[in-house]
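Let's read this one together, one feature after another. Have a look at the picture before we start.

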Amino acid sequence: MISRPTTQQLIDAICTELGSKVGPAITDPVIQIQLEMALSVLQTAAVRSGNELAWMHEEREAIERTARQMVDALPDAAPLREALQAYTDGLTNSLYLEEAQADYARASEVLSCAVEAAYESGEAEHIDAVGRLMDQRHANQQSVTGQFMAAGRA
């Protein structure tokens, strides 16, 4: 018994029960695949529920820090400067998911403009900086999706 379960623990417990008790009772191969797909979605949701807000916050901070450095170094990067200003003006720092996602979406626009500015500058320092931001985002996405395997395929 879990005395104070997290959302991730609750979802994991449901997946375990469905996989160990319901799964073996299903004989229809189509229904088995549907259960595998549902379990895959639930497992993804479990990982996200335990980490999503932190990942968005960490990425936003890294994007803002890099963008500020680039704006200072690249005075002609107007789209980056404008996106950074829009991000700063709209920042809520909320822990409510919908508002946190809106902050993250604005930070993503900053990242997009930073990538464009970095490559337009041709400077390795800026290209490397945005590359690190993209690596951070990719690592977070990989943590959610893991090693994807199509349901019903071995």
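This is a predicted model: local features need pLDDT of at least 70, side-chain atom pairs count only at pLDDT 80 or more; totals for chains, interfaces and linings use all residues.

**Reading the charged pairs**

Q: Where do Arg106 and Asp103 lie, and how many residues apart?

A: Both belong to helix α4 (residues 97-121), and they are three residues apart, about one turn of the helix.

Q: How many salt bridges does a search of the whole structure find?

A: The search finds five. Among them is the pair Arg48 and Glu52, with the closest N and O atoms 2.3 Å apart. Another one joins Arg68 to Glu64, where the closest N and O atoms are 2.9 Å apart.

Q: Why are Arg48 and Glu52 separated by about one helical turn?

A: Because they are four residues apart in helix α2 (residues 29-73). Arg68 and Glu64 also lie in helix α2, again four residues apart and about one turn of the helix.

Q: What is the relative accessible area of Glu52?

A: Glu52 has 15%, so it is buried.

Q: How many positive and negative side chains does the protein chain have?

A: There are 11 positive and 23 negative side chains, and the centres of the two sets lie 6 Å apart.

Q: Let's step back to the fold. How many helices and strands does the protein chain have?

A: The secondary structure comes to five helices and zero strands. From the N terminus on, the order of elements is α-α-α-α-α.

Q: What radius of gyration does the protein chain have?

A: The protein chain has 21 Å, while a compact globule of 154 residues would have a value near 15 Å. The C-alpha trace spans about 65 × 35 × 20 Å along its principal axes.

Q: And what share of the residues is buried?

A: Buried residues make up 28% of the 154 residues in the protein chain. Its accessible surface comes to about 10,000 Å², with 55% belonging to carbon and sulfur atoms.

Notes. Residues are numbered from 1 along each chain as its sequence is written. Side-chain values use heavy atoms; hydrogens and water are left out. A salt bridge is a side-chain nitrogen of Lys or Arg within 4 Å of a carboxyl oxygen of Asp or Glu. Helices (H or I, at least four residues) and strands (E, at least two) are DSSP runs, numbered from the N terminus. Buried means under 20% relative accessible area, exposed over 50%, partly exposed in between (1.4 Å probe, protein chains only). The radius of gyration is taken over C-alpha atoms; the globule rule is 2.2 Å times the number of residues to the power 0.38. Accessible areas come from the Shrake-Rupley method with a 1.4 Å probe; for residues, only the protein chains shown count as cover. Lys and Arg count as positive and Asp and Glu as negative; His and the chain ends are not counted. The place of a charge is taken as NZ of Lys, CZ of Arg, CG of Asp or CD of Glu.
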